[in-house]
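Dear colleague,

Please find below the structure that I am handing over to you. My notes on it follow directly after.

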Amino acid sequence: MNRTGHWEKIYADKAANQVGWYTPRLETSLEWITALGLNPDDPIIDAGGGASTLVDDLLEAGHTRLTVLDISGNALEQARQRLREKSKSVDWLQGDITEIELPKNHYRLWHDRAVFHFLTEQSLQQNYRNRMLDALRPGGYVVMGCFAPDAPPTCSGLQVQRYTAEALSNTLGSAFALKRQNNESHTTPSGVKQAYIYCLFQRIA
Ligand SMILES: C[S@@+](CC[C@H](N)C(=O)[O-])C[C@H]1O[C@@H](n2cnc3c(N)ncnc32)[C@H](O)[C@@H]1O
(Lines give C-alpha, C1' and ligand atoms only; values in the text may rest on other atoms or scores of the structure.)
Protein backbone atom coordinates (compact mmCIF):
# COMPACT_ATOMS: atom_id res chain seq x y z
CA MET A 1 0.00 0.00 0.00
CA ASN A 2 1.31 3.50 -0.79
CA ARG A 3 1.75 6.23 1.84
CA THR A 4 -1.60 7.87 1.15
CA GLY A 5 -3.48 4.56 1.27
CA HIS A 6 -1.77 3.62 4.54
CA TRP A 7 -2.89 6.80 6.32
CA GLU A 8 -6.36 6.88 4.76
CA LYS A 9 -6.97 3.37 6.09
CA ILE A 10 -5.82 4.27 9.59
CA TYR A 11 -8.21 7.21 9.79
CA ALA A 12 -11.04 5.17 8.19
CA ASP A 13 -10.57 2.33 10.72
CA LYS A 14 -10.14 4.38 13.91
CA ALA A 15 -11.76 7.38 15.52
CA ALA A 16 -9.49 10.40 16.02
CA ASN A 17 -9.29 9.77 19.78
CA GLN A 18 -8.27 6.09 19.36
CA VAL A 19 -5.08 6.57 17.35
CA GLY A 20 -1.80 6.08 19.23
CA TRP A 21 -0.73 9.73 19.02
CA TYR A 22 -4.03 11.12 20.29
CA THR A 23 -3.91 13.66 23.03
CA PRO A 24 -6.81 15.95 23.86
CA ARG A 25 -4.56 19.05 23.92
CA LEU A 26 -1.10 19.51 22.45
CA GLU A 27 0.17 21.16 25.63
CA THR A 28 3.83 21.72 24.70
CA SER A 29 2.98 22.98 21.22
CA LEU A 30 0.41 25.41 22.60
CA GLU A 31 2.68 26.64 25.38
CA TRP A 32 5.58 27.26 22.98
CA ILE A 33 3.39 28.88 20.32
CA THR A 34 1.85 31.20 22.93
CA ALA A 35 5.33 32.13 24.18
CA LEU A 36 6.32 33.23 20.64
CA GLY A 37 3.77 36.06 20.87
CA LEU A 38 2.70 35.78 17.24
CA ASN A 39 0.14 38.19 15.78
CA PRO A 40 -3.34 36.72 15.34
CA ASP A 41 -3.05 37.11 11.55
CA ASP A 42 0.39 35.50 11.23
CA PRO A 43 0.00 32.46 8.94
CA ILE A 44 0.51 29.12 10.71
CA ILE A 45 0.67 25.68 9.12
CA ASP A 46 0.21 22.38 10.94
CA ALA A 47 2.12 20.00 8.64
CA GLY A 48 0.69 16.50 8.96
CA GLY A 49 -1.84 17.90 11.40
CA GLY A 50 -4.26 15.03 10.76
CA ALA A 51 -7.30 15.24 13.03
CA SER A 52 -5.32 16.87 15.85
CA THR A 53 -7.01 19.41 18.12
CA LEU A 54 -4.21 21.98 17.72
CA VAL A 55 -6.27 23.85 15.14
CA ASP A 56 -9.24 24.06 17.56
CA ASP A 57 -7.06 25.58 20.27
CA LEU A 58 -5.33 28.02 17.90
CA LEU A 59 -8.72 29.22 16.63
CA GLU A 60 -9.84 29.61 20.23
CA ALA A 61 -6.70 31.65 20.94
CA GLY A 62 -7.68 34.05 18.13
CA HIS A 63 -5.43 32.93 15.26
CA THR A 64 -7.10 33.69 11.95
CA ARG A 65 -4.80 32.33 9.23
CA LEU A 66 -4.48 28.61 9.87
CA THR A 67 -3.60 25.86 7.41
CA VAL A 68 -3.82 22.15 8.17
CA LEU A 69 -2.00 19.93 5.68
CA ASP A 70 -2.27 16.16 5.68
CA ILE A 71 -1.83 13.26 3.30
CA SER A 72 -5.14 11.81 4.56
CA GLY A 73 -8.41 13.36 3.44
CA ASN A 74 -10.20 11.20 6.05
CA ALA A 75 -8.17 12.84 8.83
CA LEU A 76 -8.95 16.33 7.59
CA GLU A 77 -12.64 15.46 7.26
CA GLN A 78 -12.74 14.31 10.90
CA ALA A 79 -11.27 17.62 12.02
CA ARG A 80 -13.65 19.60 9.77
CA GLN A 81 -16.68 17.79 11.15
CA ARG A 82 -15.54 18.37 14.72
CA LEU A 83 -15.10 22.11 14.10
CA ARG A 84 -18.34 22.52 12.11
CA GLU A 85 -18.86 26.24 11.16
CA LYS A 86 -15.44 27.21 12.49
CA SER A 87 -13.77 24.89 9.97
CA LYS A 88 -14.65 27.31 7.17
CA SER A 89 -12.00 29.78 8.29
CA VAL A 90 -9.23 27.14 8.02
CA ASP A 91 -7.33 26.21 4.86
CA TRP A 92 -7.39 22.41 4.56
CA LEU A 93 -4.76 20.99 2.22
CA GLN A 94 -4.66 17.35 1.28
CA GLY A 95 -1.28 16.32 -0.06
CA ASP A 96 2.11 14.79 0.58
CA ILE A 97 4.40 17.17 2.41
CA THR A 98 7.38 15.89 0.43
CA GLU A 99 5.73 16.83 -2.89
CA ILE A 100 3.18 19.59 -2.36
CA GLU A 101 3.63 23.19 -3.61
CA LEU A 102 3.24 25.72 -0.80
CA PRO A 103 3.27 29.53 -0.94
CA LYS A 104 6.78 30.97 -0.70
CA ASN A 105 8.01 32.95 2.33
CA HIS A 106 4.52 32.79 3.73
CA TYR A 107 4.18 31.06 7.09
CA ARG A 108 5.40 32.59 10.32
CA LEU A 109 5.13 29.23 12.09
CA TRP A 110 5.49 25.65 10.90
CA HIS A 111 4.22 22.99 13.32
CA ASP A 112 4.91 19.27 13.04
CA ARG A 113 4.13 16.72 15.71
CA ALA A 114 5.03 13.14 14.84
CA VAL A 115 5.25 13.54 11.06
CA PHE A 116 8.85 14.25 10.02
CA HIS A 117 10.04 11.16 11.88
CA PHE A 118 8.19 8.92 9.37
CA LEU A 119 10.58 10.11 6.65
CA THR A 120 13.39 7.59 6.96
CA GLU A 121 14.91 8.18 3.50
CA GLN A 122 17.36 11.04 3.15
CA SER A 123 15.85 12.19 -0.15
CA LEU A 124 12.40 12.56 1.46
CA GLN A 125 13.88 14.39 4.46
CA GLN A 126 15.55 16.81 2.02
CA ASN A 127 12.30 17.33 0.10
CA TYR A 128 10.49 18.12 3.36
CA ARG A 129 13.23 20.45 4.52
CA ASN A 130 13.32 22.32 1.20
CA ARG A 131 9.57 22.83 1.24
CA MET A 132 9.69 24.06 4.82
CA LEU A 133 12.54 26.45 4.00
CA ASP A 134 10.71 27.84 0.95
CA ALA A 135 7.37 28.22 2.70
CA LEU A 136 8.59 29.75 5.96
CA ARG A 137 9.29 33.48 6.22
CA PRO A 138 12.83 34.50 7.13
CA GLY A 139 12.84 34.67 10.94
CA GLY A 140 9.88 32.28 11.08
CA TYR A 141 9.62 29.45 13.59
CA VAL A 142 9.36 25.66 13.53
CA VAL A 143 7.91 23.66 16.41
CA MET A 144 8.67 19.99 15.83
CA GLY A 145 8.01 16.92 17.96
CA CYS A 146 9.65 13.61 16.96
CA PHE A 147 10.26 10.23 18.54
CA ALA A 148 13.35 10.34 20.78
CA PRO A 149 16.05 7.61 20.77
CA ASP A 150 14.30 5.61 23.53
CA ALA A 151 10.92 5.60 21.72
CA PRO A 152 9.77 2.50 19.83
CA PRO A 153 11.37 2.04 16.37
CA THR A 154 7.97 1.91 14.65
CA CYS A 155 4.67 3.77 14.82
CA SER A 156 1.43 2.79 13.08
CA GLY A 157 3.27 -0.13 11.47
CA LEU A 158 5.86 2.16 9.86
CA GLN A 159 9.56 2.51 10.60
CA VAL A 160 10.46 5.85 12.20
CA GLN A 161 13.70 7.82 12.47
CA ARG A 162 14.37 8.64 16.12
CA TYR A 163 16.14 11.89 17.00
CA THR A 164 18.04 13.74 19.66
CA ALA A 165 17.68 17.53 19.41
CA GLU A 166 21.20 17.67 18.00
CA ALA A 167 20.49 15.05 15.34
CA LEU A 168 17.26 16.79 14.32
CA SER A 169 19.09 20.10 14.12
CA ASN A 170 21.80 18.54 11.91
CA THR A 171 19.18 16.98 9.65
CA LEU A 172 17.32 20.27 9.17
CA GLY A 173 20.58 22.07 8.45
CA SER A 174 22.22 25.39 9.29
CA ALA A 175 19.32 27.54 8.02
CA PHE A 176 17.44 26.55 11.20
CA ALA A 177 18.80 27.57 14.61
CA LEU A 178 17.78 25.43 17.58
CA LYS A 179 16.22 27.74 20.22
CA ARG A 180 14.53 25.40 22.65
CA GLN A 181 14.20 21.68 23.37
CA ASN A 182 12.28 19.44 25.73
CA ASN A 183 12.01 15.71 26.31
CA GLU A 184 8.56 14.45 27.05
CA SER A 185 6.62 11.26 27.37
CA HIS A 186 3.36 10.61 25.55
CA THR A 187 1.05 7.86 26.75
CA THR A 188 -1.01 6.28 23.97
CA PRO A 189 -4.74 5.58 24.52
CA SER A 190 -3.74 1.92 25.13
CA GLY A 191 -1.26 2.94 27.86
CA VAL A 192 2.09 2.61 26.03
CA LYS A 193 4.69 5.29 26.81
CA GLN A 194 6.49 6.96 23.91
CA ALA A 195 9.46 9.30 24.35
CA TYR A 196 9.36 12.49 22.28
CA ILE A 197 11.88 15.24 21.68
CA TYR A 198 10.31 18.65 21.09
CA CYS A 199 12.39 21.35 19.41
CA LEU A 200 11.87 24.99 18.51
CA PHE A 201 13.88 26.28 15.55
CA GLN A 202 14.10 29.70 13.93
CA ARG A 203 14.81 30.21 10.25
CA ILE A 204 18.00 32.27 10.19
CA ALA A 205 19.00 32.00 6.52
C1 LIG B 1 1.35 10.30 14.02
S2 LIG B 1 0.22 11.24 13.10
C3 LIG B 1 0.31 12.83 13.90
C4 LIG B 1 -0.89 13.69 13.63
C5 LIG B 1 -0.88 15.07 14.32
N6 LIG B 1 0.30 15.82 13.96
C7 LIG B 1 -0.98 14.91 15.82
O8 LIG B 1 -0.03 15.22 16.53
O9 LIG B 1 -2.06 14.50 16.28
C10 LIG B 1 1.08 11.51 11.59
C11 LIG B 1 0.26 12.33 10.61
O12 LIG B 1 1.07 12.66 9.48
C13 LIG B 1 0.31 12.45 8.30
N14 LIG B 1 1.32 12.17 7.26
C15 LIG B 1 2.14 11.10 7.17
N16 LIG B 1 2.96 11.20 6.12
C17 LIG B 1 2.65 12.38 5.53
C18 LIG B 1 3.14 13.06 4.39
N19 LIG B 1 4.13 12.52 3.64
N20 LIG B 1 2.60 14.25 4.04
C21 LIG B 1 1.58 14.78 4.79
N22 LIG B 1 1.07 14.18 5.89
C23 LIG B 1 1.61 13.00 6.25
C24 LIG B 1 -0.61 11.29 8.63
O25 LIG B 1 -1.74 11.20 7.81
C26 LIG B 1 -0.95 11.61 10.08
O27 LIG B 1 -2.07 12.45 10.17
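Around the ligand there are 18 residues, and W7, G48, G50, S52 and I97 come nearest among them; a residue counts as near a molecule if its C-beta atom, placed from the backbone, lies within 6 Å of it. This shell divides into eight nonpolar, six polar and four charged residues. Here Ala, Val, Leu, Ile, Met, Phe, Trp, Tyr, Cys and Pro count as nonpolar, Asp, Glu, Lys and Arg as charged, and the others, Gly among them, as polar.

Please note that this is a predicted model, in which local features need pLDDT of at least 70 and side-chain atom pairs count only at pLDDT 80 or more, while totals for chains, interfaces and linings use all residues. Residues are numbered from 1 along each chain as its sequence is written. Helices (H or I, at least four residues) and strands (E, at least two) are DSSP runs, numbered from the N terminus.

The strands form an open sheet of seven, in the order β3-β2-β1-β4-β5-β9-β8, with mixed pairing; two strands pair if DSSP finds at least two bridges between them. At its edges are β3 (90-94) and β8, each of which pairs on one side only. From one strand to the next, the twist averages 15°.

β9 is antiparallel to β8, with eleven bridges between the two. Partners across this pair include A177 with Q202 of β9, and E184 with Y196 of β9. The two strands form a hairpin with five residues between them, and G191 in the turn has a positive phi of about 95°. β9 also runs antiparallel to β5, to which seven bridges join it. G145 stands opposite Y198 in β9.

Turning to the helices, S29, W32 and I33 are buried in α2 (residues 27-36); buried means that 20 or more other C-beta atoms lie within 10 Å of the residue's own, exposed that 12 or fewer do, and partly exposed is in between, with C-beta atoms placed from the backbone. Seen down the axis of α2, these buried residues fall within an arc of 100° and therefore line one face of the helix, the arc being that of the directions from the helix axis to the C-beta atoms. E27, E31, T34 and A35 are exposed on the other side of α2. The cover over the buried residues includes α3 (54-60), β4 (107-113), β5 (136-147), β8 (176-187) and β9 (193-203), contact being C-beta atoms, placed from the backbone, within 7 Å. After α2 comes G37, with a positive phi near 60°.

Yours sincerely

Methods: Contact = placed C-beta atoms within 7 Å. Axes fitted to C-alpha atoms, helices over the stretch in contact; angles between N-to-C directions.
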